[in-house]
Amino acid sequence: MKISVVGTGYVGLVSGTCFAETGVNVTCVDINERKVEMLKEGHIPIYEPGLEDIYKKNVEKGRLVFTTNLEESLKDSDAVFIAVGTPPDEDGSADLKYVIGVAREIGRTMDHYMVVVTKSTVPVGTSVKVKNAVLEELEKRGEKVPFDVASNPEFLKEGSAVDDFLKPDRIVIGTDSEKAQKVMKRLYKPFLLNGHPILFMDITSSEMTKYAANSMLATKISFINDIANLCEIVGADVDSVRKGIGSDVRIGTKFIYPGTGYGGSCFPKDVQALIRTADENGYSLEILKAVESVNYRQKEVLYGKIKRHFNGDLKGKKFAVWGLAFKPKTDDMREAPSLVIIDKLLEEGAKVIAYDPVASEEGKRILGDKIEFAKDEYDACIDSDALVLVTEWPEFRLPNFRVLRKLLKNNLIFDGRNIYDPEELNEMGFTYYAIGRKP
Ligand code: UGA
């Protein structure tokens, strides 16, 4: 089989590379010439564990190629996946100009049957717009090339995207065409040998599934963050409560870790988009509105603890921030809680020195010389007043606390991810603040 994947961003690159891994011939298309040149020369523009190995292997085998020429790539393709960005436009809604632009170009150039698949996260109703855009262009040409559209939302997590793609929990396909179903089934079968399902449904339900999934996950996080804050007030320990509720299989142990609020390019954007879709349709999603406001507040909880500890006077104090990325195993800092915490500290006249195992470069790009960057986690602590842990990278889990005691001015740790044991830290002489835990 042969497919084209348009857009070599996060989703496009991971999807294209993983499809190639099954033996499919994949052409990845991007309008950004520099990016395509980079990819042709063997450089991957994103950090994603495991991606580089399978990318190199499949490029060597000639199954994975890169081009700026969409028309050329469509020749012999059974399906074309649209995986371009949908940046928020001025009023915050997803800007579909790239998605529709690609659909138009497909309509202008396709010469045989193919399935046009929307893989970008797009608002409910977009696949119909994609279909109409292709049709309009075909009409302009006065030609009747057959095609079908499908919606195939992506459920990848940054940091484990390759694994998620190769071993998905489920594949969701929205289409009203049996022919398209057959093509999609053939493409995805190799990934479903683990027995996990491919779920066919109508296009609108498929588009809705993506938003409902992310909104449900965001709800779990805001819920446990709200409970964590209450635990602190009433003297309970959210870590016990988390385990206590999570062992009920209906609730489950996954994705109920309290912290500094959810970030990233997906949850904040998708929760907002679903609220907007509902509003536009005359319905108010009350739960999601609360999820959003709890998350907004949560990003400031750790900072609040710091400010209270120092009786509101942070001027001239220096803080070692461990972790900048919105979560471990990525260099992505979009909507990262670290940015809110750092901004607040700087506003109060404090100094910040940060370290992130992967995202320091991204941090320098975003924050410039507003803060200092340390060469490692210990370097950040030298003469700092306190350690502020924001992202739970594995290498932060078991630091040498004796060394930290010597480096930090005060034996003070603010842990936004509850990765240390309060009792142990207190025994070692640290003052330890976490989220929703007993001191
Ligand atoms: C999320 C979804 O998990 C994916 O299924 C989805 O495909 C993706 O969005 C997308 O729409 O593209 P991602 O944004 O990569 O994936 O990150 P997650 O691992 O879901 O984490 C999101 C945020 O929630 C992070 O800031 C993380 O620290 C936070 N989180 C997660 C918690 O605070 N507590 C938890 O228990 C879990």
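Which residues does Ser-222 touch, not counting residues up to four places away in sequence? Figure 1 has the reply, and the other views follow from there. This is a predicted model, so local features need pLDDT of at least 70 and side-chain atom pairs count only at pLDDT 80 or more, while totals for chains, interfaces and linings use all residues. Residues are numbered from 1 along each chain as its sequence is written, and side-chain values use heavy atoms, with hydrogens and water left out.

**Figure 1. Ser-222 and its contacts.** Ser-222 sits in helix α9; helices here are DSSP runs of H or I with at least four residues, strands are runs of E with at least two, and both are numbered from the N terminus. Its partners are Tyr-262, Val-291, Val-294 and Asn-295, where contact means heavy atoms within 4.5 Å. Ser-222 is buried, at 3% relative accessible area. For this and the later views, buried means under 20% relative accessible area, exposed means over 50%, and partly exposed is in between (1.4 Å probe, protein chains only).

**Figure 2. A nonpolar patch that includes Ile-233.** Helix α9 spans residues 203–234, and Ile-233 has its place there. Together with Leu-230 and Val-234, Ile-233 forms a nonpolar surface patch with about 330 Å² of accessible area. Ile-233 itself is exposed, with a relative accessible area of 69%. Patch members have over 30% relative accessible area and no salt bridge; nonpolar side chains (Val, Leu, Ile, Met, Phe, Trp, Tyr) are joined within 5 Å, and like charges within 9 Å. The areas come from the Shrake-Rupley method with a 1.4 Å probe, and for residues only the protein chains shown count as cover.

**Figure 3. The domains of the chain.** The assignment gives domain 1 (2–201), domain 2 (211–297) and domain 3 (299–433); such bounds come from an automatic or database domain assignment. Taken over C-alpha atoms, the centres of domain 1 and domain 2 are separated by 30 Å. Where these two meet, ten residues of domain 1 are in contact with six residues of domain 2.

**Figure 4. The largest nonpolar core.** A nonpolar core is a set of buried Ala, Val, Leu, Ile, Met, Phe, Trp, Tyr and Cys residues joined through side-chain atoms within 4.5 Å. The largest one has 54 residues, and Phe-319, Trp-322, Leu-345, Val-388 and Tyr-420 touch the most other members. Domain 2 and domain 3 both give residues to this core, so it lies between them. Another core, of 39 residues, lies apart from it and includes Phe-19, Ala-20, Leu-39 and Val-183. Zooming in on Phe-319, its contacts beyond four places in sequence include Ile-306, Phe-310, Leu-314, Leu-345, Val-352, Ile-353 and Val-388.

- Lys-289 is in helix α12 (residues 286–298) and Asp-279 in helix α11 (residues 267–280), ten residues apart. Lys-289 is partly exposed at 31% relative accessibility, and Asp-279 is partly exposed at 40%.
- Lys-307 is partly exposed at 27%, and so is Glu-348 at 24%.
- Lys-364 is partly exposed at 39%, whereas Glu-361 is exposed at 56%.

**Figure 5. A salt-bridge network.** Here Arg-104, Arg-108, Glu-136, Glu-137 and Lys-140 are all linked through salt bridges.

**Figure 6. Thr-27 in strand β2.** The strand covers residues 25–29. Thr-27 is buried, with 8% relative accessible area. Leaving aside neighbours within four places in sequence, Thr-27 is in contact with Lys-2, Ile-3, Ser-4, Val-5, Val-65, Thr-67 and Ser-73.

Notes:
Salt bridge = Lys/Arg side-chain N within 4 Å of Asp/Glu carboxyl O.
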